[in-house]
Amino acid sequence: MAPLPNVDGDSERGSSLTRSALKTVRTALDVPERELARWRRIFDANAKVIDGEKYLDPESFVNAIAPSGDLTKIGRAQFALLFRVADASRRGLVSWDDFTVFETLLKRPDADYWMAFQYFDVDHDGYITFNEFKNVFTANVGPDAIPFDFDCDWVKLYLGKKNGTHVLGYNEFTQLMKGLQGERLRQAFKYLDADQDGFIRPDQFKHIILEIAGHKLSQAVIERLPTLCTLTPGQRISYSEVVAFHNVVREMDMVERIIREATAKSKDGRIDQSDFLNHASSSSRYSLFTPMEASIIFHFASRGVANSRLALIDFAQFLDPRWRAPHEDAEFQVNTSKSLLSSVLASSYNFVLGGFAGAFGATIVYPIDMVKTRMQNQRSTVVGQLLYKNSLDCARKIFRNEGFLGFYRGLGPQLVGVAPEKAIKLTVNDLIRGRATDPETGRIKLYWELVAGGTAGGCQVVFTNPLEIVKIRLQIQGEAAKAEGAVPKGAIHIIRQLGVFGLYKGASACLLRDIPFSAIYFPAYWHLKKDLFQEGYNGKQLSFFETLAAAGIAGMPAAYFTTPADVVKTRLQVEARQGQTNYKGLRDAFIKIYKEEGFRALFKGGPARIVRSSPQFGFTLLGYETLKTYLPYPWEDKPRKVETALTSRPDDLSKIRARNALRILLDVHGDFGRKVAASGVPLSLSSPRLSAQLGREK
């Protein structure tokens, strides 16, 4: 292999480039078979057969390398620029060997700059001459581009000499490309500032930004670029404002991180300019943004409204290059007219999913519920009625005396009732939370969280009370059969015995239990997901175990603190046997239990209730969330989210590097390469003078 030419006459630099090239070749030879198989699959899926061999033409090459669902403004057609890098033989086709080399190059950590260097290095000698740089540059920009002075002192600072010729080595090229936008901006401003008074017109500012950063901005921001002149008197734009805007665009990823973190920590989900600057200062070693740069960010995000507090969604048009204004005309009116029907359908959808999820959770924890009920019904004041020492002893005796199926006595009515019970709770909670949530910030006040949960808990009592009184009497029958020899009765017999009003015996205690339980549970669940597991932060989605943990942990305090109401409800709903205390009502039950059995009796079965309620609601919410994920509501009006490359799921690293290589080229000019593509004549990189000639003819 011939050594690469010495750059700047420095033998060490030439040796370094040689070692780098050899390392790339070794990497290509050592490519894992599975990776080659993946490349072969991509190549074969897009290749076309020409003269009996498979090749990629420019169109199929773009299909093979362009990222899917790219959240940038780079068009798929612009990926054809990289075709000229992959087409090493300059025949207009990429073979399998060419494609393998191209994919191997994309594995380099500096693949983006390496490919940009190869694009400019037309004779592949390891360095770029002044003429190469100038000719490739001019051949790829349009005739209306703002002139660039290639003989300026800034370019000369980066150029060394080889045999009397100005050249750029790879490292010098990378630094030149990184600073090229700044120099182009300076030259463009100076060129357009005819009076040399330090100001340009708004339309001239827009012209500059479109050339160097148009691919990084949404159309809404581009249309409002001239409004930057309203920040200061005079209706013109100064050089400092142009530089400040460019700095903001260059640091857009950091801008987005600061905005996301600051709005997430804000109590109302909104921030002002001071909040932005304070968070920027606290999250970095040095002050990243000046007050002028912060003013520019908030100017475009607030659409010119000064001193406003903005939510994350307000910054979407500034952060997301593909942002589009929401439709507000006929489609919006149709949606408004159908809002009532849509709400009914959405609630019905939530109701059905809640029913399935509730049945799933109830079945898993029903044996624990059986133990809890037996423990709570045990009267410590009645001689001979202390059947169980603790929850474990109770479980052992149920299994010994009634068998495994004894743990599931009364499950049938439970499943019949638990579906509407859990369904109405989840539906009402989601309905109220949805109405009370700020559509811009996605935040809801704690007061409304408590109201949503409490209302959901109160509504479910319509189904809960009849269900529980039948379930409890079925669960106690096994205990009574052993103590008194009574014959177990079925659910239908119990319902007939109680009657309609009897089914709601103990409803006051049921309300006293379910309202605070849901008021504690649902806010705790949502805050655990958001604050502890950080759901939604930078697009994070909770895993199976994180969702289960959040739902389970939230159920612990809710279950334990409502145990006294659950004990009273159980005593009121169980049919008292001979020698047991009768209770007249809620207040009477509290007083008698406290006097006869002490304060600890009000928390009987508390641990079992935690063990039962926590996993039950954990699996119920897990089932509910999973069903909503895999069976989404087809007409759901989802709130608009700010989705950028920062929050999207990472694409294949090679495709990301290919996109970044394009960004470097597009930073030269927003229309880089389009001129050649529009001409229909392939650009001959081996003949830079021909390229320049093509530019003059166009």
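Author: Start with the contact itself. From α9, the residues Gln181, Arg184, Leu185, Ala188, Phe189 and Leu192 meet Gln204, Ile208, Glu211, Ile212 and Ala213 of α10. By class, this contact of α9 with α10 holds seven nonpolar, two polar and two charged residues. Keep in mind that the model is predicted.

Now the geometry. Two packed helices are described by the angle between their axes and the distance between the axes. Helix α10 covers residues 202-213, and its axis comes within 10 Å of the α9 axis. The two axes cross at roughly 155 degrees. Angles over 145 degrees count as roughly antiparallel, and α9 and α10 are therefore roughly antiparallel to each other. The crossing of α9 past α10 is right-handed.

Helix α9 has another partner. Helix α9 spans residues 170-192, and helix α28 spans residues 653-668. These two pack at an angle of about 25 degrees, with their axes 9 Å apart. The cut-off for roughly parallel is under 35 degrees, so α9 and α28 are roughly parallel to each other. Their crossing is left-handed.

Which residues make the contact of α9 with α28? On the α9 side they are Met177, Leu180, Gln181 and Arg184. On the α28 side they are Ile664, Asp667 and Val668. The classes here are four nonpolar, one polar and two charged.

Gln181 and Arg184 of α9 meet residues of α28. Met177 and Leu180 are listed for the contact with α28. On spacing, an α-helix has 3.6 residues a turn, so residues three or four places apart point the same way.

Met177 leads on to the core. The largest nonpolar core has 57 residues. Met177 is among those with the most contacts inside it, together with Phe61, Phe79, Leu82, Phe99, Phe120 and Phe672. Take Phe672 from that list. Leaving out residues up to four places away in sequence, Phe672 touches Leu81, Tyr119, Phe120, Val136, Asn140, Val141, Leu665 and Leu666. A second, separate core has 46 residues, including Leu217, Val248, Ile259 and Ile271.

Phe99 is another name on the core list. Phe99 is also one of the buried residues of α5. Helix α5 covers residues 96-105 and is mostly covered, with eight of its ten residues buried. The buried set is Trp96, Asp98, Phe99, Thr100, Phe102, Glu103, Thr104 and Leu105.

Phe79, also on the core list, has a partner to note. Asn63 and Phe79 are 16 residues apart in sequence and 9.1 Å apart in space, C-alpha to C-alpha. Asn63 lies in helix α3, residues 58-65. Is Asn63 buried, partly exposed or exposed? Its relative accessibility is 38%, so Asn63 counts as partly exposed. Setting aside neighbours within four places in sequence, Asn63 is in contact with Asn46 and Arg76.

Val221 gives a buried example. Val221 sits in helix α11, residues 219-223. Its relative accessibility is 1%, so Val221 counts as buried. Not counting residues up to four places away in sequence, Val221 touches Phe300, Gln317 and Phe318. Val221 and Gln317 are 96 residues apart in sequence, yet their C-alpha atoms are 6.7 Å apart.

Two loop residues deserve a check of the backbone. Most residues other than glycine have a negative phi. Asp51 is not a glycine, but its phi is positive, about 55 degrees. Asp51 is in the loop between β1 (48-50) and β2 (53-55). With 79% relative accessibility, Asp51 counts as exposed. His124 is not a glycine either, and its phi is positive at about 55 degrees. His124 is in the loop between α6 (111-120) and β3 (128-129). His124 is partly exposed, with a relative accessible area of 46%.

Last, the whole chain. The protein chain has 30 helices and nine strands. Of its 698 residues, 49% count as buried. Among contacts between residues at least 6 apart in sequence, 73% join residues at least 24 apart.

Note on methods: Residues numbered from 1 in each chain as written. Predicted model: local features only at pLDDT ≥ 70, side-chain atom pairs only at ≥ 80, totals over all residues. Heavy atoms only, no water. Axes fitted to C-alpha atoms, helices over the stretch in contact; angles between N-to-C directions. Helix = DSSP H or I, 4+ residues; strand = E, 2+ residues; numbered from the N terminus. Parallel < 35°, antiparallel > 145°, perpendicular 65-115°, else oblique. Left-handed = near helix turned anticlockwise from the far one by under 90°. Contact = heavy atoms within 4.5 Å. Nonpolar A, V, L, I, M, F, W, Y, C, P; charged D, E, K, R; others polar. Core = buried A, V, L, I, M, F, W, Y, C linked by side-chain atoms within 4.5 Å. Buried < 20%, exposed > 50% of the residue type's maximum accessible area, 1.4 Å probe, protein only.
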